[in-house]
Amino acid sequence: MISEMVLVRMDDAALHGDLVVQAPSRAVVLFAHGNGSSRHSTRNRTVAAELRTAGYGTLLLDLLSEREERHDARNADHRFDIPLLAHRLVGAIDWLAEQPDTRGTPVVLFGASTGTAAALTAAAERPERVLAVVSRDGRPDLAGDALDQVQAPVLLVVGGQDHEILRLNQDAARRLRAPHALHVVPDATHLFEDPRALAQVSAAARRWCDERLRAIAEEEERERERDLETHGQ
């Protein structure tokens, strides 16, 4: 297992991240934080640790530079700048495609709060690289027209006690054309403060990723069988 602090350089910023990958990883889960959070988010780090036990790599990345974070802490300007956050995620997806340990590895985007909108937007821009999108109590409604363009399967996990966010996720789910599911954790609030509720998020995310990888493996097997039948004629 490789665990390291990384600096992801792109055209407009250099972003700090924590990358953990196994050899090989089934996929790399790239976390998109929102609402002033960072790669140090306790909840996302808990989910990341659980996913690593299932063979997934993880990249927890600050989507804002240190200077931007200080500005955002005072004015909250950047946390709702979905185009900026999505641009940073696309840059991170491209960066992963260039690294020796993650090159060719599918990417799963895990969004929380406004990070969900950024994740959906980035998935629409990189359909060939994104295996799936998972959202924890996110704001998919802020993705705008990108909702109609996402091709990767989308899992929306929402706390049952977070009524307004649940409504927004239900509305967004109706707009999605990609395969999708809405998973409601009955007694969870917006922050998923109960460890048992957060464990349900981790389990649902793992199942969703497992199913996507299984579907790809089955399709590849069918493709091989068709090739054998074609060449055998």
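The model is predicted, so local features need pLDDT of at least 70, side-chain atom pairs count only at pLDDT 80 or more, and totals for chains, interfaces and linings use all residues. Residues are numbered from 1 along each chain as its sequence is written, and side-chain values use heavy atoms, with hydrogens and water left out.

**Aromatic rings**

- A search of the whole structure finds one aromatic pair. Rings of Phe, Tyr and Trp (its six-membered ring) pair if their centres lie within 6.5 Å.
- The partners are Phe-31 and Phe-110, 4.9 Å centre to centre, with 40 degrees between the planes. The pair is tilted; planes under 30 degrees apart count as stacked, over 60 as edge-to-face and the rest as tilted.
- Phe-31 sits in strand β3 (residues 28–32) and Phe-110 in strand β5 (residues 107–112). The two are 79 residues apart, and the pair links distant parts of the chain. Strands (E, at least two residues) and helices (H or I, at least four) are DSSP runs, numbered from the N terminus.
- Both Phe-31 and Phe-110 are buried. Buried means under 20% relative accessible area, exposed over 50%, and partly exposed in between (1.4 Å probe, protein chains only).
- Arg-212 lies over the face of Trp-208, at 4.3 Å from the ring centre. The rule for a charge over a ring: NZ of Lys or CZ of Arg is within 6 Å of the ring centre and within 35 degrees of the ring normal.

**Helix α3**

- Helix α3 (residues 82–98) has 17 residues and should span 24 Å at 1.5 Å a residue. The expected span is 1.5 Å times one less than the number of residues. The end C-alpha atoms of α3 are 25 Å apart, which agrees.
- Twelve of the 17 residues of α3 are buried, so the helix is mostly covered. Among them are Ile-82, Arg-88 and Trp-95.

**Single residues**

- Ala-181 belongs to strand β8 (residues 180–185). Ala-181 counts as partly exposed because its relative accessibility is 26%.
- Leu-156 is 25 residues from Ala-181 in sequence, yet 6.2 Å away in space, C-alpha to C-alpha.
- Asp-137 has a phi near 45 degrees, a positive value in a residue other than glycine. Asp-137 is in the loop between β6 (130–136) and β7 (154–159), and is buried at 1% relative accessible area.
- Phe-192 is not a glycine either, yet has a positive phi of about 50 degrees. Phe-192 lies in the loop between β8 and α6 (195–232) and counts as buried at 1% relative accessibility.
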